[in-house]
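Here are my notes on the model, as numbered points. Please read them with the structure open.

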Amino acid sequence: MKRYTALLLAMVLLLCAACTAGPSQPAEAEPIRVGVLTDGDAIDRGINQQIWNALDSLAEEGMPLQRSYRVPGTDGSYDDCIAALAAEGNALILCAQGGMSDVIQKAAGRYPHIQFVVAEGEADPSDNVSSMTFATAQAAYLAGIAAGKTSESGRVACVHGRLTPGVEP
């Protein structure tokens with residue numbers, strides 16, 4: 001009986017609090033800081049731009065985001081770029097290329113408070129490291145069928161920036 005009384009009292013208190021609360025102003029959300037580590041310009045018509053555009057879309061939909069990016073080689077070494085993104089207070093660092101998996105694994109140990117995501121990589125999952133891979137082989141297969149069906153010469157070619165699993169000659 002005491003359990004039911006306590007539960008009923010808790011429900012009444014919640015109902016009273018909800019009914020007596022006046023209109024509230026939504027609190028301004030603290031922006032989520034996202035750093036992008038790329039191997040080239042963020043506007044490259046490739047995965048770097050897709051990540052950048054996805055962050056744009058989230059911001060346009062009202063998600064409070066602050067973003068920045070670094071390019072190893074241009075902005076220093078991989079470690080320098082990660083250190084700069086960490087110093088900016090980024091809660092999430094997206095790595096646009098799978099070739100960065102080893103570097104990210106090491107950085108994750110130095111920055112346990114930052115979440116790292118490697119696109120097109122095989123990073124070992126941990127508390128603050130995730131990787132995502134895409135079904136590029138299936139997409140390439142479908143693109144090949146479409147190209148073959150529309151080819152007037154009966155020949156099809158593929159040009160891509162680097163060899164990646166699933167999209168190899």
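**Notes on side-chain pairs and burial**

1. D56 is partly exposed, at 26% relative accessible area. Buried means under 20% relative accessible area, exposed over 50%, and partly exposed in between (1.4 Å probe, protein chains only). This is a predicted model: local features need pLDDT of at least 70, side-chain atom pairs count only at pLDDT 80 or more, and totals for chains, interfaces and linings use all residues. Residues are numbered from 1 along each chain as its sequence is written, and side-chain values use heavy atoms, with hydrogens and water left out.

2. Which side chain meets D56 in a salt bridge? It is R67, at 2.7 Å from N to O. R67 lies in strand β2 (residues 65-70) and D56 in helix α2 (residues 47-60), so the pair ties together parts 11 residues apart in sequence. Here a salt bridge is a side-chain nitrogen of Lys or Arg within 4 Å of a carboxyl oxygen of Asp or Glu. Helices (H or I, at least four residues) and strands (E, at least two) are DSSP runs, numbered from the N terminus. R67 is also partly exposed, at 30% relative accessibility.

3. The salt-bridge count is three. Another of them joins E88 and R70, at 2.3 Å from N to O. E88 sits in the loop between α3 (78-87) and β3 (92-95), and R70 in strand β2, so this pair ties together parts 18 residues apart in sequence. E88 counts as partly exposed, with 23% relative accessibility.

4. D79 and R110 also meet in a salt bridge, at 3.2 Å from N to O. This pair links distant parts of the chain: D79 is in helix α3 and R110 in helix α4 (residues 101-110), 31 residues apart. Both ends are partly exposed: D79 has 41% relative accessibility, and R110 has 43%.

5. How many aromatic pairs does a search of the whole structure find? The search gives one. The ring centres of W52 and Y69 are 5.3 Å apart and the planes stand at 75°, so the pair is edge-to-face. The rule covers rings of Phe, Tyr and Trp (its six-membered ring) with centres within 6.5 Å; planes under 30 degrees apart count as stacked, over 60 as edge-to-face and the rest as tilted. W52 belongs to helix α2 and Y69 to strand β2, so the pair ties together parts 17 residues apart in sequence. W52 is buried at 13% relative accessibility, whereas Y69 is partly exposed at 28%.

6. Is T38 buried or exposed? T38 is buried, with 0% relative accessible area. Its place is the loop between β1 and α2. Leaving aside residues up to four places away in sequence, T38 touches N48, Y69, R70, V71, P72, A96 and M100. Contact means heavy atoms within 4.5 Å.

7. On cysteines: C81 is buried at 0% relative accessibility, and C95 is buried at 1% relative accessible area. The structure holds zero disulfides, a disulfide being a pair of cysteine sulfur atoms within 2.5 Å.

8. One surface point remains. I32, L58 and M63 form a nonpolar patch with about 220 Å² of accessible area together. Patches use residues with over 30% relative accessible area and no salt bridge; like charges are joined within 9 Å, and nonpolar side chains (Val, Leu, Ile, Met, Phe, Trp, Tyr) within 5 Å. Areas come from the Shrake-Rupley method with a 1.4 Å probe; for residues, only the protein chains shown count as cover. I32 is in strand β1 (residues 32-37) and is partly exposed, at 37% relative accessible area.
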